[in-house]
Amino acid sequence: MLEIITLPVLTDNYIYLIHDPVSRETAAIDPALSQPVLDILEKNGWQLTCIWNTHHHSDHIDGNFQLKQKTDCKIIAAKADWDRIPGIDQGVDEGDVIALGQHNASVIATPGHTRAHVVYHFAEDNILFCGDTLFVMGCGRLFEGTAEQLWHSLQKLKALPKSTKVYCTHEYTQTNGRFALTVEPENQQLQQRMIEVNRLRTNNQPTVPTTIAEELATNPFFREDSVDLQKTIGISSGKSVEIFAKIRRLKDGFS
Ligand code: ZN
Ligand code: FE
């Protein structure tokens, strides 16, 4: 079994450390900072083997250089981001498989938030690291891609097994949930979930990981088919991608 440590840093970022006790390999996903990672490694007696970045934004890569310097880890990120990932050693693309010990992760290209965003899916372990593509009850903003691209990317994640545990890079859950309630106020699972989310946040607990099943039930960006949602936003006959684009625009105006 992989051990996963969730490390909250900056205002709302998460760095994940994944450790395989058999091979003793350890990966850091999207290290925004180096020192908190070094501290956890030391505390657990782990050696950093590799960094996997999901995209080039500074709050996902700023720890790269120093971690590489101090641990000699290997840095993996999207091939298409080669020129903007500090210290990159290996470029990956859709369908590539990378390993942590005996655990394989497939690379899924998810352009939209940025043009080269990738996510890492451990199919056998049922775990997804999705960076800024999918959030709890939300999705990434469109910085470099179109709504259509992000919609296509999210369809790939939507199709993963429902029990997949999903680790996102930001704690945006309360704001996302408040927005979700504005577009689907009658969704009872959403109402229930917000009670739980507020309880967790009051106790300063992370709301990650989520699951694909929970997102299918409560994430408006997975719910273009909801009749209630369509009614609230005033589109009933559009294509899913058009409904998605409208929800994304409404969310941009919300926060
Ligand atoms: Zn980002
Ligand atoms: Fe980010």
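Which residue bridges the iron ion (ligand 2) and the zinc ion (ligand 1), and how far apart do the two ions lie?

Analyst: Asp132 is the bridging residue, and the two ions lie 3.1 Å apart. Keep in mind that this is a predicted model. Let us take the two ions in turn.

Start with the iron ion (ligand 2). Its protein donors are Asp59 (OD), His60 (NE2), Asp132 (OD) and His170 (NE2). They lie 2.1 to 2.4 Å from the iron ion. Now look at the angles. The four donor atoms around the iron ion subtend 80 to 175°. A tetrahedral site would need all angles between 85 and 135 degrees. The range of 80 to 175° around the iron ion (ligand 2) makes the arrangement irregular.

Next, find these donors along the chain. The spacing for the iron ion (ligand 2) is D-H-x71-D-x37-H. The site links distant parts of the chain: Asp59 sits in helix α2 (residues 58–61), while His170 sits in the loop between β13 (165–168) and α5. Asp59 and His170 are 111 residues apart. Both Asp59 and His170 are buried.

Now move to the zinc ion (ligand 1). It is coordinated by His55 (NE2), His57 (ND1), His113 (NE2) and Asp132 (OD). The distances here are 2.2 to 2.3 Å. The four donor atoms around the zinc ion subtend angles of 87 to 175°. That range makes the arrangement around the zinc ion (ligand 1) irregular. Along the chain, the zinc donors follow the spacing H-x1-H-x55-H-x18-D. His55 is buried, and His57 is buried too.

Helix α5 (residues 173–183) packs against helix α9 (residues 240–254). Their axes are 11 Å apart, at an angle of about 125°. That angle makes α5 oblique to α9. The crossing of α5 past α9 is right-handed.

Now for the strands. One open sheet has six strands, in the order β1-β2-β3-β4-β5-β6, and its pairing is mixed. At the edges stand β1 (3–9) and β6 (90–92). Each edge strand has a single partner, so one side of each is left without a neighbour in the sheet. Neighbouring strands of this sheet are turned by 20° against each other on average, direction ignored.

Strand β3 shows both kinds of pairing. With β2 (residues 13–20), strand β3 (residues 25–29) pairs in the antiparallel sense over five bridges. Two positions let you trace this pairing. Leu17 has Ala28 of β3 as its bridge partner, and Asp20 stands opposite Glu25 in β3. With β4 (residues 50–52), strand β3 runs parallel, and three bridges join the two. Here Ile29 has Trp52 of β4 as its bridge partner. Strand β3 is also mostly covered: four of its five residues are buried.

Arg24 has 46% relative accessibility, so it counts as partly exposed.

Asn126 gives you a second case. Its phi is also near 65°, again a positive value in a residue other than glycine. Asn126 lies in the loop between β9 and β10 (127–131). With a relative accessible area of 22%, Asn126 is partly exposed.

Arg115 is in the loop between β8 (103–109) and β9 (118–122). At 48% relative accessibility, Arg115 counts as partly exposed. The C-alpha atoms of Arg115 and Leu142 are 9.4 Å apart, although 27 residues separate the two along the chain. Pro209 is in the loop between α6 (188–202) and β14 (210–211). The peptide bond from Val208 to Pro209 is cis, with omega near -5°.

Finally, return to the starting point. Asp132 bridges the iron ion (ligand 2) and the zinc ion (ligand 1), 3.1 Å apart.

How values were computed. Residues numbered from 1 in each chain as written. Chains lettered and ligands numbered in written order. Predicted model: local features only at pLDDT ≥ 70, side-chain atom pairs only at ≥ 80, totals over all residues. Heavy atoms only, no water. Donors = N, O, S within 2.8 Å, 3.2 Å for Na, K, Ca; no water. Tetrahedral: all angles 85-135°; square planar, octahedral: opposite > 155°, others 65-115°. Buried < 20%, exposed > 50% of the residue type's maximum accessible area, 1.4 Å probe, protein only. Pairing = 2+ DSSP bridges. Axes fitted to C-alpha atoms, helices over the stretch in contact; angles between N-to-C directions. Parallel < 35°, antiparallel > 145°, perpendicular 65-115°, else oblique. Left-handed = near helix turned anticlockwise from the far one by under 90°.
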